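These are my notebook entries on one chain. I set out to record what I looked up, entry by entry.

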Amino acid sequence: AAQIPVFTDVGGYFGSHEIDFLLNVLKIIDNPLDDIPLAAVMRHPVVGFGDNELAQIRLSHKKGRFYDALCAEAQHDGDLGEKCRSFAQLLTGLYEDSKYKSVAEILRDVLAATDYMTYLCTLGDAEKATANVRMLFHKADEFESNNFKGIFNFVNYIESVKQKTKDSDS
């Protein structure tokens, strides 16, 4: 009411679209063979693959994991091949960086590579969305200040907090 941006763990924070996107990005940095988060990230407007492009990738490479199809498509010429190559290189770079960077640093790299904060500012509830992202950074810093490390462990931590929040809301 006083026009002061606020964020909280209670309510829709953990289920918000902006947090889901960032958690999915972290999941595929850690394990690109997880098809569902991979497709969700690729479909997101900041990454920019359309449904028809995802279908074309799958139809061109019907067997195996979607990541394998993405990498196979990246070997082809044309706009879709270039788009796949660029995205696969981004994932590879983020994975390599995750070996020595904190989760918060990786998240910052994701924001920079995708211009995600600018995208969030175009949404109707931009203040809430950006506050949610800041809360995720706070959680990442808090997680690592307790001597926990790694994307896999952070995602599991957030998923367990999300589940506890859901259970307490029931």
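I began with a term: a crossing is left-handed if the near helix is turned anticlockwise from the far one by less than a right angle, and right-handed if clockwise.

**Basis.** I noted that this is a predicted model, in which local features need pLDDT of at least 70 and side-chain atom pairs count only at pLDDT 80 or more, whereas totals for chains, interfaces and linings use all residues. Residues are numbered from 1 along each chain as its sequence is written, and side-chain values use heavy atoms, with hydrogens and water left out.

**The chain.** I found 9 helices and 0 strands; helices (H or I, at least four residues) and strands (E, at least two) are DSSP runs, numbered from the N terminus. I recorded that buried residues make up 40% of the 170 residues. Buried means under 20% relative accessible area, exposed over 50% and partly exposed in between, with a 1.4 Å probe and protein chains only. Of the contacts (heavy atoms within 4.5 Å) with a separation of 6 or more, 58% come from residues 24 or more positions apart.

**Helix 1 and helix 8.** I looked up how helix 1 (residues 17-30) meets helix 8: their axes come within 9 Å and cross at roughly 40 degrees. Axes are lines fitted to C-alpha atoms, for helices over the stretch in contact, and angles run from 0 to 180 degrees between N-to-C directions. The two helices are therefore oblique to each other, since angles under 35 degrees count as roughly parallel, over 145 as roughly antiparallel, 65 to 115 as roughly perpendicular and the rest as oblique. Helix 1 passes helix 8 in a right-handed crossing. Helix 1 contributes E18, I19, L22 and L23 to the contact, and helix 8 contributes K128, A129, N132, V133 and L136.

**Helix 6.** Which residues of helix 6 are buried? I listed V103, A104, I106, L107, V110, L111 and T114. They cover an arc of only 160 degrees around the axis, which puts them on the same side of helix 6; the arc is that of the directions from the helix axis to the C-beta atoms. An α-helix has 3.6 residues a turn, so residues three or four places apart point the same way. After helix 6 comes D115, with a positive phi near 55 degrees.

**K149.** I located K149 in the loop between helix 8 (126-145) and helix 9 (151-169). Is K149 buried or exposed? At 51% relative accessibility, K149 counts as exposed. K149 and K101 lie 48 residues apart in sequence and 9.6 Å apart in space, C-alpha to C-alpha.
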